[in-house]
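Here are my notes on the model you sent. Please read them with the chain open in your viewer.

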Amino acid sequence: QIEEIAREKKCSYMVGSSMGASIVLRYAELHDTHGIVLLGTLFKPQPDTLPVASIAKMLYPIIRYTKKDEPGATVIDPEGKRAHLSYWTFPLKGAVELSRFNEQVYANLPTIKARALFLHASSDSVASLAAAQNAFDQLSAEKQFVELPKGDHIIMRDYAREEAIGRILEFRGK
């Protein structure tokens, strides 16, 4: 679907958040793009100290979903939290599938030629900042990494959205 829309709309820049960042990286691996913007890139779930992906792989055949503390917990700004749509449950199978997909994407990062802008909240409670920086280091194309001091994982709903939009427009203008 993304390939169809990108072709139909003649997209030369792609923006993805969280899992969407992985999809954008995969798209850039397979297609020519002028630039990609990656928000809250999820190569390793938080916390860094636990093997979350391995635990999910063991549990998902038994436990299909886990309950979230609250929908929208990954948005700090109360206004953004109210506007953000989210479920009460989290699908473990989907997390495992994303982990497997990310393994393939990560292995091919050096082949991506598109300019890249990484935006990542320093206090992201979902995606590891260190893992995003490591993925950034694997890219050989022109790239920029911006650590946003405010907000959480859903950057475009949170306190850092204004800075993120400014950085994206600046990146696009180059």
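The points below go from the whole chain to single residues.

1. Ground rules. This is a predicted model, in which local features need pLDDT of at least 70 and side-chain atom pairs count only at pLDDT 80 or more, while totals for chains, interfaces and linings use all residues. Residues are numbered from 1 along each chain as its sequence is written, and side-chain values use heavy atoms, with hydrogens and water left out.

2. Overall layout. The protein chain has seven helices and six strands. Helices (H or I, at least four residues) and strands (E, at least two) are DSSP runs, numbered from the N terminus. Their order from the N terminus is α-β-α-β-α-β-α-β-α-β-α-β-α.

3. Burial and surface. The protein chain has 174 residues, and 39% of them count as buried. Buried means under 20% relative accessible area, exposed over 50%, and partly exposed in between (1.4 Å probe, protein chains only). The accessible surface of the protein chain is about 10000 Å². Carbon and sulfur atoms hold 56% of that surface. The areas come from the Shrake-Rupley method with a 1.4 Å probe; for residues, only the protein chains shown count as cover.

4. Contact range. Take the contacts in the protein chain with a separation of 6 or more: 65% of them join residues 24 or more positions apart. Contact here means heavy atoms within 4.5 Å.

5. Cores. The largest nonpolar core has 23 residues. Such a core is a set of buried Ala, Val, Leu, Ile, Met, Phe, Trp, Tyr and Cys residues joined through side-chain atoms within 4.5 Å. Leu25, Ile36, Leu38, Phe43, Leu109, Ile112 and Phe118 touch the most other members. At least two residues of this core come from each of helix 2, strand 2 (35-39), strand 5 (115-121) and helix 6 (129-138). A second, separate core has twelve residues, among them Leu117, Val146, Ala164 and Ile168.

6. Ile36 close up. Which residues does Ile36 contact, leaving aside neighbours within four places in sequence? The partners are Met14, Val24, Leu25, Ala28, Ile112, Ala114, Arg115, Ala116, Leu117 and Phe171.

7. Helix 2 on helix 5. Helix 2 and helix 5 (residues 92-107) pack at about 35°, with their axes 10 Å apart. Axes are lines fitted to C-alpha atoms, for helices over the stretch in contact, and angles run from 0 to 180 degrees between N-to-C directions. The contact uses Met19, Ser22, Ile23, Leu25 and Arg26 of helix 2. Helix 5 brings Leu98, Phe101, Asn102 and Val105. The residues of this contact are six nonpolar, two polar and one charged. Ala, Val, Leu, Ile, Met, Phe, Trp, Tyr, Cys and Pro count as nonpolar, Asp, Glu, Lys and Arg as charged, and the others, Gly among them, as polar. The crossing of helix 2 and helix 5 is left-handed. That term applies if the near helix is turned anticlockwise from the far one by less than a right angle, and right-handed if clockwise.

8. Helix 1 on helix 2. Helix 1 and helix 2 pack at about 65°, with axes 11 Å apart. Their crossing is right-handed. Ile2, Glu3 and Ala6 of helix 1 meet Ile23, Tyr27 and Leu30 of helix 2. The residues of this contact of helix 1 with helix 2 are five nonpolar, no polar and one charged.

9. Lys10 is not a glycine, yet has a positive phi of about 55°. Lys10 sits in the loop between helix 1 (2-9) and strand 1. Ser18 is not a glycine either, and has a positive phi of about 60°. Ser18 lies in the loop between strand 1 (13-17) and helix 2 (19-30). Are these residues buried or exposed? Lys10 is exposed, because its relative accessible area is 72%. Ser18 is buried, because its relative accessible area is 14%. Beyond four places in sequence, Ser18 touches Leu39, Gly40, Leu42 and His153.

10. Asn108. Asn108 belongs to the loop between helix 5 and strand 5. Its relative accessibility is 25%, so Asn108 counts as partly exposed. Residues up to four places away aside, Asn108 touches Arg26 and Glu29.

11. Ile55. Ile55 is in helix 3 (residues 52-59). Ile55 counts as partly exposed because its relative accessibility is 34%.
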